Structures are given as C-alpha cells and as structure tokens.
Amino acid sequence: MACRIAPSILSANFAKLGDEVGKVVAAGADLVHFDVMDNHYVPNLTIGPLVCEAIAPLVAVPVDVHLMIRPVDRIVPDFARAGAKIISFHPEASDHVDRTIGLIREHGCKAGLAFNPATPLSYLDHVMDKLDLILVMSVNPGFGGQEFIPGTLAKLATVRERVQASGRDIWVEVDGGVKVENIAAIARAGGDTFVAGSAIFKSKDYAATIAAMRAELAKVGQD
Ligand code: DX5
Ligand code: ZN
C-alpha cells in the first residue's frame, strides 16, 4: 500500500512559513496539511485562503486542506482558487454533506470527510462512492501536540474494511498525535496517509524525522 506523510503546518514557525513549507517538502513530505480553524466549530483560529494562496505556489506537492469550520460551503471555492488540491470537512459542520462533497469535486479538488473521535462512521453510509479521502481524527480537533487516542486504531480498522468493500481508491488519513513511535501501529490498523505536526516541525531535522517514519512503515511492509 502506498503511504503518504503529510506534515501539518499548524506546528510550523508562522513567522517563516514560506521557508518552513519549502524545507518540509525538500525533507520528503508527500502533502502539506493545512489546518483551518474558525474559533467556532473548534476553539482555535488559524489560517485561511489568503495564506493557502501564498504557499501553494511554493510547493510541488498537493496542499491538503482540513476545514474545521462551520459553515463550510461558502469558503470551498475560495480554497480551490487558492490552490488547494484536497479539501476535507467535518460532517457535523455541514447541513448538506452530499452537497458539500459535490461542491468540492466540482471545483476540481479531491473530497474528504473528517471524523472526530466520537463521530460515528454512519456518515459514510451514502457517500462512499463520492469520497476520495476519509480523515480519521485521533485527537479532538483544535490544537497540535495532543496525545493519540488509542481507540482510534479499532475505528481505523473498520474504516479500512469499508474502503476495501467499496473497491475504490479512497485514502485513509490519520490526524493527531502521529509520531515515529506509533506510525507503524497506525499503518497496521489501516491508515495510509499520516498527518504529523509537532512530531515533524518540533524536531531538529525534518528530513531525519520523515525518514524515520518511512523506516517504521517499511518494517510493517507499508512504504
Ligand atoms: C488538530 C489538527 C492536526 C494537528 C496535528 O486539530 O487537525 O492536523 O496539527 O498536530 P499533531 O501532529 O501535533 O498532533
Ligand atoms: Zn488536521
């Protein structure tokens, strides 16, 4: 299974954001994970389309936008125009989940549905044929640097079964508390796309950390 490492710029040095994204892509990132928070759906406030537009041209890899905002639809076209390639949202934050997925795809982006630790997977029931990515939160959204919630592993296994049953190439992204020490267990449970914020950006050597993550994935036959 092809695996992807997606550093979350939430833990980057925002005073040097352009340099930071350049460095992390040079260090081997497959995606740049872009956390959007609104101080409403989640209790924190971060960055929006203007920042996406500024960094997208600097990186040769897709910008993976994770919307933790309510409402969702109004701002989807802005992110598509700003260079986002993947846009994920939380189903509780949209009144019309199918419509939002359609909107993201109509704007030429891959569509992802994001699940908080207590959000039931039943939101997948009628949309598996339209999803490109399922984002499984392994912390409650809002902040970087939190501990991975162990129950996520069982949930990931269920998600992986559902993806296999669909026969579609849907990425399974895991977000929150991912680090060198647990990435192999997360991959074994079914994740294939690994968001890591603090584990990468708080490390001294981004390339060494990403290489260590890939080495762990290789040990379990996922790289
Ligand atoms: C949390 C964000 C995550 C966060 C992950 O709400 O969605 O992407 O940046 O940070 P770490 O890897 O530090 O848990
Ligand atoms: Zn995220």
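Exposed residues are those with over 50% relative accessible area, and buried residues those with under 20%. In this predicted model, the face of helix 4 turned away from its buried side carries two residues of the exposed kind, R99 and E106.

**Zinc site**

- The zinc ion (ligand 2) is held by H33 through NE2, H66 through ND1, and D35 and D175 through OD atoms, at 2.1 to 2.3 Å.
- Six donor atoms surround the zinc ion (ligand 2), and the angles they subtend run from 69 to 170 degrees, which makes the arrangement octahedral.
- For six octahedral donors, the ideal angles at a metal are 90 or 180 degrees.

**Nonpolar cores**

- The largest nonpolar core has 72 residues, and the members that touch the most others are I9, F34, V65, L67, F79, I87 and I134.
- Beyond its neighbours within four places in sequence, I87 contacts V65, L67, V76, F79, A80, I104, C109, K110, A111 and G112.
- Another core, of 10 residues, lies apart from the largest one and includes A6, A114, L133 and M137.

**Helix 4**

- Helix 4 spans residues 97–106, and its residues V97, T100, I101, L103 and I104 are buried.
- Viewed down the helix axis, the buried residues of helix 4 fall within an arc of 160 degrees, so they line one face of the helix.
- These buried residues pack against three elements: helix 3 (76–81), strand 4 (84–89) and strand 5 (110–115).
- I104, one of the buried residues of helix 4, is also among the contacts of I87.
- After helix 4 comes G108, which has a positive phi, near 85 degrees.

**Aromatic pairs**

- Two aromatic pairs are found in a search of the whole structure.
- F34 and F79 make up an edge-to-face pair, with 6.2 Å from centre to centre and 75 degrees between the planes.
- This pair joins distant parts of the chain, with F34 in strand 2 and F79 in helix 3, 45 residues apart.
- F34 and F79 are both buried, and both are listed with the residues that touch the most other members of the largest nonpolar core.
- F201 and Y206 are likewise paired edge-to-face; their ring centres are 5.2 Å apart and their planes stand at 70 degrees.
- F201 has a relative accessible area of 6% and is therefore buried.
- Y206 is buried as well, because its relative accessible area is 9%.

**The loop at G83**

- G83 is placed in the loop between helix 3 and strand 4.
- With a relative accessible area of 22%, G83 is partly exposed.
- Setting aside its neighbours within four places in sequence, G83 is in contact with A56 and V63.
- A distance of 9.8 Å separates the C-alpha atoms of G83 and V65, which lie 18 residues apart along the chain.

Conventions
Residues numbered from 1 in each chain as written. Chains lettered and ligands numbered in written order. Predicted model: local features only at pLDDT ≥ 70, side-chain atom pairs only at ≥ 80, totals over all residues. Heavy atoms only, no water. Donors = N, O, S within 2.8 Å, 3.2 Å for Na, K, Ca; no water. Tetrahedral: all angles 85-135°; square planar, octahedral: opposite > 155°, others 65-115°. Core = buried A, V, L, I, M, F, W, Y, C linked by side-chain atoms within 4.5 Å. Buried < 20%, exposed > 50% of the residue type's maximum accessible area, 1.4 Å probe, protein only. Contact = heavy atoms within 4.5 Å. Helix = DSSP H or I, 4+ residues; strand = E, 2+ residues; numbered from the N terminus. Arc of directions from axis to C-beta. Phe/Tyr/Trp six-rings, centres within 6.5 Å; stacked < 30°, edge-to-face > 60°.
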